[in-house]
Structures are given as C-alpha cells and as structure tokens.
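Dear colleague,

I am handing over the structure that follows, and below it you will find an account of what turned up in it.

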Amino acid sequence: NGDPHSGNIMVSVEKPGHARPILLDFGLTKVLPKPRKLALAHMLCAAAANDIGSLLQSFDDLGLRIAPGHENVYSSAMDMARFFFRESKPAQEARREMRDSYAKRKAQDDQEAIRVRQDKSLRRNPVDAFPESLIFFARSLFLIRGLATKLAVRQKYLEILRPYAEEAIRAQDVSKVTTIDRTLSKSPLAALLQRDLDALRQQGFVQGAQVAVWKDGQPVAEVTCGAQSVYSETPVEPKTLFNVFSCSKAVTAVALLMLVDRGLVDLDERVEKYWKAFGKPNVKVRHLLRHQAGLVQAGQEALAKEPFQLLDWERMKCYMEAAVPERVPGSLSEYHYLSFGWLVGCLVE
C-alpha cells in the first residue's frame, strides 16, 4: 500500500483491548519486483533469526546502503532491523520504551560525537540510502503499528510476517546455487568428496559446507557445496568465512597448557594468583579447564540486552570478574559454552 493513512482503514473493536483492521483500501499500490520481494523476505527472516550476515546481504539486495567503513555497521544493522519490526504495545508502555530508547541512543550519540570531533572521517550517516520499496513497506507497517498502539493491541510483526517470508524463500529454485569450480577440486578424491557433500545437502543435513584435505603440508582436495545461508542464494566458496564457534576452545586450552608445561602456571593454584581482579578465591585453574568453575552464565544477562558486547574484550573481562559462581567450584562439570574463552583467555593474558 503506497498511501497509508487512517482514512484507508476501518477498524472493528470487539471489546476493550481487542481490535483489528477489517478493510484496507489499497488505493495507490506498489508491486515489488521478484528480486526485491525475495530481498525483503530475506531481511524478515534474518532479523527474526538474528542472522547478521544474511541481514547485511538482504540490505545490499534491497538497495539499503550502509556507509562503507562505518564503525558500528553490525550493531547499527541489527538495531535498525529491531526498530523497524518492533512489536506494537499499548500507548503508555510504548512511550516509556521510546523514551528509554531515545535516552540510550542519545548517550551513544554523545560518545559518537566525541569520536567524530577527534576523527573527521567518521562524520557520515551510517545509512547512505533507503530504497523506495522499503519506504513504501515501512509506511504501511508504521500505520498499522500506530493503530495497534492507539487501540492497546499487542502485535509481534516478525512472528506474523515470518511464515509468509519463509514461504516466498522456499518457492525459489535453490537448485541453481552452484559450486565453485577450482583446478584443485578436479582430483579423484575431490570428486568423491563432492559427491558425498552434495548427497548430504540433498538430504537436508548440510546447508553449505567447505572441505579441505591436506597431506604432507600440501592441499590435495578442496570442495564446497550449498549456499551461505538458508536465506541466501549466495554459494559457499573456498574463501567464504564461517564462524568456527567452539573449535577455538581447543586453541585457548592449549595456550594455557603451554604455560603449565613451562612452569608458569600451576593447575592447582587459585586463578586469582595470576588474574588479580578475578576475585573468586575458590576457583582453581583446573576448574576452568574442566568446566567446573560454576560460571556458565557469566555475562549472559548483559549480552541478552547488547549481544555485540561480545566484540569488546575488556568489557567481557569485567563481566567475568564481576560474576558470582552459580555453584561450588569443582562440584560439577557444566559446559561453559560461552564464558570459557574469556575465563581461560584472560588467565593466559
């Protein structure tokens, strides 16, 4: 709908707190080309799944340009998506949230202004251009949100729109996603690997993957398959980056064990002997490596509000220092799926 205003919508109020639009006069309409329609669907799904890579790709496909080199491109993109698709709430609650959001944003802007004064190259808007199709869509969405807020109706727009977006994505022909051809991938071993990878993808076990085989220090096979995301047709290439997740735990643990091997760290010593600000006298070095420190939830509450704090080593270190063990250290092994890297890494540091 290209002409949203209250005169184009009739509302049925069944009882206080329960209302719905029953007629939308389309008037001026905007038909999206298929590529833009798919890009919008990708944006919806990526925002719902907190998939920052796919979200940025959808922005690019839509024509929404984030200024190159902008310092907070990742957090800015996710904040933008969350604001765009935020749920509607009763007016008083919505106003309170907007005030809190404004105050938080103003504090961030004040810090940004200081950096801009120090570095003139930062003086640019994070968004270079908004696409026409997104503006049309936003006007309709904001109108419905305003009506819902006025009528004290809660609506979670991502939950409503996501099934339709997923249906649009499923309708595309993903079989056209191709595998990158490379000279190294033409060996007999590569052919066997490619066959097995393609079979796994056809059976739904693999979305996208890379396999590289090295022998005696030399690469002998390198194959890829699939797309970079369930919301993307971009093929996986040998240069495609993936988050390795907990593979890094092994590297971090070896770094600490190297210090133990050199006699610089004792497994049975208290962590705070080496990390003065750690402040938990009952936690030993051995407890960290065995996932027995009782600090599984360290920093989780703060990260739930601002997940991009993960990128700030010093801030995460402070959360580890402030955390209180959830149980007696050494009493139980629990997988420290997120906190392990900072607990062990800061000790090594």
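**A buried histidine, and what surrounds it**

H287 is buried, with a relative accessible area of 12%, where buried means under 20% relative accessible area, exposed means over 50% and partly exposed lies in between (1.4 Å probe, protein chains only). This is a predicted model, in which local features need pLDDT of at least 70 and side-chain atom pairs count only at pLDDT 80 or more, while totals for chains, interfaces and linings use all residues. Residues are numbered from 1 along each chain as its sequence is written, and side-chain values use heavy atoms, with hydrogens and water left out.

H287 is found in helix α9 (residues 285-289); helices (H or I, at least four residues) and strands (E, at least two) are DSSP runs, numbered from the N terminus. If neighbours within four places in sequence are set aside, H287 is in contact with N282, Q292, A293, P329 and G330, contact meaning heavy atoms within 4.5 Å.

**The chain as a whole**

The protein chain has 12 helices and 6 strands, and buried residues make up 34% of its 349 residues. Among contacts between residues at least 6 apart in sequence, 67% join residues at least 24 apart.

T149, in helix α5 (residues 132-150), counts as buried at 17% relative accessibility. Although T149 and S88 are 61 residues apart in sequence, their C-alpha atoms are 5.7 Å apart in space. Not counting residues up to four places away in sequence, T149 touches S88, K89, P90, A91 and A94.

L257 in helix α8 is partly exposed, with a relative accessible area of 41%. The C-alpha atoms of L257 and L289, which are 32 residues apart along the chain, are separated by 9.3 Å.

How many of the residues of α12 are buried? The count is 7 of 9, and α12 is thus mostly covered; the buried residues are F340, W342, L343, V344, G345, C346 and L347. What covers them includes α8, α9 and α11.

The axes of helix α11 (residues 313-322) and helix α12 (residues 340-348) come within 10 Å and cross at roughly 95°. Here axes are lines fitted to C-alpha atoms, for helices over the stretch in contact, and angles run from 0 to 180 degrees between N-to-C directions. The helices α11 and α12 are therefore roughly perpendicular to each other, since angles of 65 to 115 degrees count as roughly perpendicular, under 35 as roughly parallel, over 145 as roughly antiparallel and the rest as oblique.

In this contact, W313, M316, K317 and M320 in α11 meet G341, W342, L343, G345 and C346 in α12. By class, the contact has 6 nonpolar, 2 polar and 1 charged residues, where Ala, Val, Leu, Ile, Met, Phe, Trp, Tyr, Cys and Pro count as nonpolar, Asp, Glu, Lys and Arg as charged, and the others, Gly among them, as polar.

**The lining of the largest pocket**

By class, the lining of the largest pocket has 19 nonpolar, 16 polar and 3 charged residues. The helices α2 (52-62), α3 (73-84), α8 (247-261), α10 (300-305) and α12 each supply at least two residues of this lining, and α2 gives the most, with 4 residues.

With kind regards
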